[in-house]
Amino acid sequence: MALHKPSTLRRILTTDLPMLAILCFTLGPYLWMALTSLSPQETLFTQGPSLLNATLENYTRLFATVGFADNLIDSMIVAGGTVAVGLSLSITAAYAFSRFNFRGKRILMLQFLLINMFPLVLLILPLFVLMRVLGLLDTHLALIIANSTVAIPFSIWMMVSYMNGIPRSLDEAAMTDGCTRMQALRRVVLPLCLPGIIATGIYIFITSWNEYLYALTLGGRNVRTITVAVQTLIGEYEVQWGLLTAGGIVGAMPATVLFLIVQKRLISGLTQGAVKG
Amino acid sequence: MTRAPDAPRHRASLGRQILPYAMLTPAVLVTLAIVFLPMIQTAWMSLHDYVLFRPNDFTWVGLDNFKAALGDEVFWISLRHTIIWMCTTIPAQVALGLVTALLLNREFPWRALARALIIIPWALPSVVIALMWVWIYDSNYGVANEFLLRLGLIQQAVPWLADPDTALASIILTLTWQGFPFFAVMILAGLQSTPKSYDAAASTDGASPWRQFWHITLPGISGVMMTAVLLRMIWVANSFDVIFVMTGGGPGYATHTLPLYAFIKARTNLDFGYGSAIAVLFTLLLMVVVVIYLRRTGKAVS
């Protein structure tokens, strides 16, 4: 007869240790980067990164000499703008998909799904030409538009899944009580899926914050987001790894923290369709 | 499911018919403008001789760019790398993700912590990931060399990214690291939605753990796996930013992939016509793969 409650030793051998090994693989590179960023530049190549004489010198240099604060603001504007565009356009669209049956619904939904399937390289070239013609190169707006190509379909997809989770009978009840459709949406459905909207917004924020290729191609001089700034820290001849890793840690921080906050809700939204379908 | 618009009140029913379209209009118009129009423009550019430093020269060349691509050695090298890249990265991510998900689905005291930490690579900007791994692979001071030297697995420091023989493999490891948490999380969600009682029943019936996994666990998560692999194929196809930052496609053409080649052609040579043609070819190839994949797995799952 099989053991009903496996012994602690066995659990440690079959579960805890393998898990620990995978976590080491997952977090090792990140921790190594953090360690490097705390090591003084002079001793980095002679003694290697170590915590012995840890210093914040790299971080202060990052903000004092490289002008990282401006890049943070640029990233903030672009990511915030993309969230605003993505959410405002997708709320009503998601409501229509979730609550109505109408002609062409399948095709329209499919269209939003398909957008995600096209490789980015197919869009980046014409968007560059387009922005050049419109004179929008190197502006925040150009980057917001470029990031929206991903953000709009994604947030529609997520929002439909959250709204489907709210019973239709609630809007119908509100409408019997004299609300119009739009009022039902605003007063009943939106408050109920607020957590989902926030999670979607944060996810859009993270992906726009992390985006690099559009930021490099469509921006770069006046508007330099954090990802581009980190990359340009690589000098021509010598790489200042202390500075670079400090930039990496700072650049990744907002996204990492936000991600840890919303991960649970986000994952349930992402997987809902997949699990049930 | 569809309820016919049984309309006692005409005004309401008309409003009801128009309302969904009105609600969809802004999103549809914007995506038409910023996604579909540019996409058509790519196809249009690919049929022209269009180099950005000769802006007035936009001559129709028909399929010449495509013909040139098929005769271009670098195109075939890039295609081969793209195939290697997708056929190794995705299975590696699935395998590692599956193991991680199965572990996370068990009971142990620090499970919640492990689940939160495992996702970190997913949240990091790809530029940061790329630079972090360049530092790890560094031939003089990199920790990878030091680690392997201490273990005695290599005799002398290897310039991982500068050697054409190891560059692609090094990048594949990085991409696997970046992507496997996504699979772990998706598969875990699938595992948790299959009722525990199935496993218990099979176990009572005397099924070995392996059979239990093969006949109950795996079918239970096949739907999620299918979606995850599909999403990932597209994602991996997009994620040439890591390669671009790590090696820029080099040394030589050792880490060129098709999307990267298209991007480099346009970015450094400013040859938008040829770059567009490669992008279009790559998209078509990806479509074919996706369609075949959907047909196959669709049959297998149902």
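## Helix H10 of chain A

In this predicted model, helix H10 of chain A runs over residues 194-210. Its 17 residues reach 24 Å from the first C-alpha to the last, close to the 24 Å expected at 1.5 Å a residue.

The helix is mostly covered, with 12 of its 17 residues buried.

## The contact between the chains

Chain A contributes 72 residues to the contact and chain B contributes 71. On the side of chain A that touches chain B, H10 is one of the elements that give two or more residues. The others are helix H1 (8-38), helix H4 (68-99), helix H5 (105-115), helix H6 (120-134), H7, helix H12 (226-232) and helix H13 (241-276). The most is given by H13(A), with 15 residues.

Sorted by class, this side of chain A holds 49 nonpolar residues, 20 polar residues and three charged residues.

## Nonpolar cores

The largest nonpolar core has 129 residues, and the members that touch the most others are A:Ile124, B:Leu131 and B:Ile278. Helix H7 of chain A (residues 140-164) supplies the largest share of this core, 16 residues. Another core, of 24 residues, lies apart from it; among its members are A:Met19, B:Leu103, B:Leu191 and B:Met225.

The surroundings of B:Leu131 involve residues from both chains. Leaving aside residues up to four places away in sequence, B:Leu131 touches A:Val230, A:Leu244 and A:Gly248 in chain A, together with B:Val245 in chain B.

## Overall form of chain B

The secondary structure of chain B consists of 13 helices and two strands. Its radius of gyration is 25 Å, well over the 19 Å that the globule rule gives for 302 residues, so chain B is more spread out than a compact globule. Taken along the principal axes, the C-alpha atoms of chain B fill a box of roughly 80 × 75 × 30 Å.

Of the 302 residues in chain B, 39% count as buried. Among the contacts in chain B with a separation of 6 or more, 68% are accounted for by residues 24 or more positions apart.

How values were computed:
Residues numbered from 1 in each chain as written. Chains lettered and ligands numbered in written order. Predicted model: local features only at pLDDT ≥ 70, side-chain atom pairs only at ≥ 80, totals over all residues. Core = buried A, V, L, I, M, F, W, Y, C linked by C-beta atoms within 7 Å. Buried ≥ 20, exposed ≤ 12 C-beta atoms within 10 Å, placed from the backbone. Helix = DSSP H or I, 4+ residues; strand = E, 2+ residues; numbered from the N terminus. Contact = placed C-beta atoms within 7 Å. Rg over C-alpha atoms; globule rule 2.2 N^0.38 Å. Expected span 1.5 Å × (residues − 1). Nonpolar A, V, L, I, M, F, W, Y, C, P; charged D, E, K, R; others polar.
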